[in-house]
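Here's a quick briefing to read alongside the model.

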Amino acid sequence: MSLPKPKPGILDISVYVGGESEVPGVDRVIKLASNEGALGPSTKAMEAYIQETETLHRYPEGSAKKLRDALANAYGLDASRIVCGSGSDELLDMLTRAYAGVGDEVMHTEHGFLMYPISAKGVGATPIAVPENNLYADVDALIKRAGKNTKILFLANPNNPTGTYLPDSEIRRLREGLPQHVLLVIDAAYAEYVSCTDYSSGSKLVDECDNVVMTRTFSKIFALGGLRLGWAYCPSAVADVINRLRGPFNVTSPALAAGLAALNDVAFTDEVRNYTEKWFDWTKQQMIILGLEVPSQVGNFLLVRFPPTGKSAKVTNEFLKSRGLIVRGMDSYGLPDCLRITIGREDEMRALVDSLKEFLDQ
Ligand SMILES: Cc1ncc(COP(=O)(O)O)c(C=O)c1O
């Protein structure tokens, strides 16, 4: 008698390990490991969440209409082509389920977000990590690698964990160079943090092309990671496909209500953006003074590279942890000489820099 067997690919998945939140024996920790919003959620979002507790016996409004309308209004989009998900992870996964399968290839960049290969393996497709150019997505290499079996290209812009981005002109050159049958998924999880004029989130390209999707999240600048809320802006045929596939109540009512309130609290989002930018620049400067390399340009985190001589990323991470400072080791992203540090509050960044100074100067 043979036992139940999972489908091919699933047992090849290395389980995603999120940022730690506790250090045994340390009471007070500072968590700078998961790119969560520095100042926490908007109080308006928290109030909206609490209000939903009175009607928790009711199913959510399954089409997320109010939130989609508000997103369309805020970003100048077509609400009928927005699909909401339980975090953008769910949307990335549904796109993979819909467009790739056994024998297909799902491309991503060398140091791309780990959920891309996980989703690909989950449907029995082969994830293809395309080498980067000095921690930047390499448009020419991606175009060259895309073949008849390539069904999806996931590109985070800006990318996590490198913190680098491609300008709009390069994304357009990429789309033009890829075969038409490849779905280009621009994962713009950190778009709200980018104010560079040559950057675009990808929504215009979605309006212009039938083979481009943009995904977004409420987990970063809106700091609602615990609620699981994301959205995708799609060509109408893709939105139709995802709507067929998704669970009818895939987003909870507290998530819908809090997301709407967070989106409407523009003043708070602006405050978070300015705050994050200020402490991003300050922390980056401090890291450079400490002799560390920081390739990251934008976002709410810094990739910090340790020089081959001197203390390694690994021992530094252990020291920081002993002080209750949790940052992210980068072995699973193929960057063992780096740590990723989320931008938190001023006191948290100062505590981190003080500890790093103490350790690296020893
Ligand atoms: C590039 C990128 N995409 C997607 C996600 C997932 O976000 P969500 O919380 O919406 O699932 C993350 C989370 O860290 C991310 O860094």
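Strand 11 and strand 12 (residues 338–342) run antiparallel, and two bridges join them. Keep in mind that this is a predicted model.

**The three-stranded sheet**

- R328 has R340 in strand 12 as its bridge partner.
- The sheet here is an open one made of three strands, in the order 9-12-11, with antiparallel pairing.
- Its edges are strand 9 (301–305) and strand 11 (328–329), each of which pairs on one side only.
- Helix 10 (residues 266–289) packs on this sheet and touches strand 9 and strand 12.
- The direction of helix 10 makes about 10° with that of strand 9.

- Seven strands make up another open sheet, ordered 2-8-7-6-5-3-4, and here the pairing is mixed.
- Strand 2 (82–85) and strand 4 (126–130) sit at the edges, so to speak, each pairing on one side only.
- On average, neighbouring strands in this sheet are turned by 20° against each other, direction ignored.
- Within the sheet, strand 6 (residues 183–187) and strand 7 (residues 212–217) pair in the parallel sense, over four bridges.
- If you want a residue pair to click on, take I186, whose bridge partner in strand 7 is M214.
- Helix 2 (residues 65–75) packs on the sheet, where it touches strand 2, strand 7 and strand 8 (230–233).
- The direction of helix 2 makes about 125° with that of strand 2.

- You'll find N160 in the loop between strand 5 (150–156) and helix 6 (168–177).
- Is N160 buried or exposed? N160 counts as buried because its relative accessible area is 5%, and the cut-off for buried is under 20%.
- Setting aside neighbours within four places in sequence, the contacts of N160 include N35, H111, G112 and F113.
- Also among the contacts of N160 are Y190, F301, Y333 and R340.

**The ligand**

- How many residues surround the ligand? There are 13, and the closest are S88, N160, D187, T217 and S219.
- N160 turns up here too: an N or O atom in its side chain is 2.7 Å from an oxygen atom of the ligand.
- For T217, an N or O atom in the side chain is 2.5 Å from a ligand oxygen atom.
- D89 comes in through its backbone, with an N or O atom 3.0 Å from an oxygen atom of the ligand.
- On its own the ligand has 400 Å² of accessible area, and the protein covers 94% of that.

**V241 on helix 8**

- V241 is found in helix 8 (residues 236–245).
- With a relative accessible area of 27%, V241 is partly exposed, since that class lies between the 20% and 50% cut-offs.
- Not counting residues up to four places away in sequence, V241 touches A98 and Y99.
- V241 and L95 are 146 residues apart in sequence, while their C-alpha atoms are 8.7 Å apart in space.

How values were computed
Residues numbered from 1 in each chain as written. Predicted model: local features only at pLDDT ≥ 70, side-chain atom pairs only at ≥ 80, totals over all residues. Heavy atoms only, no water. Pairing = 2+ DSSP bridges. Axes fitted to C-alpha atoms, helices over the stretch in contact; angles between N-to-C directions. Contact = heavy atoms within 4.5 Å. Buried < 20%, exposed > 50% of the residue type's maximum accessible area, 1.4 Å probe, protein only. Near = heavy atom within 4 Å. Polar contact = N/O pair within 3.5 Å; in protein donor to acceptor, adjacent residues only side chain to side chain. Areas by Shrake-Rupley, 256 points an atom, 1.4 Å probe, with all protein chains shown as cover.
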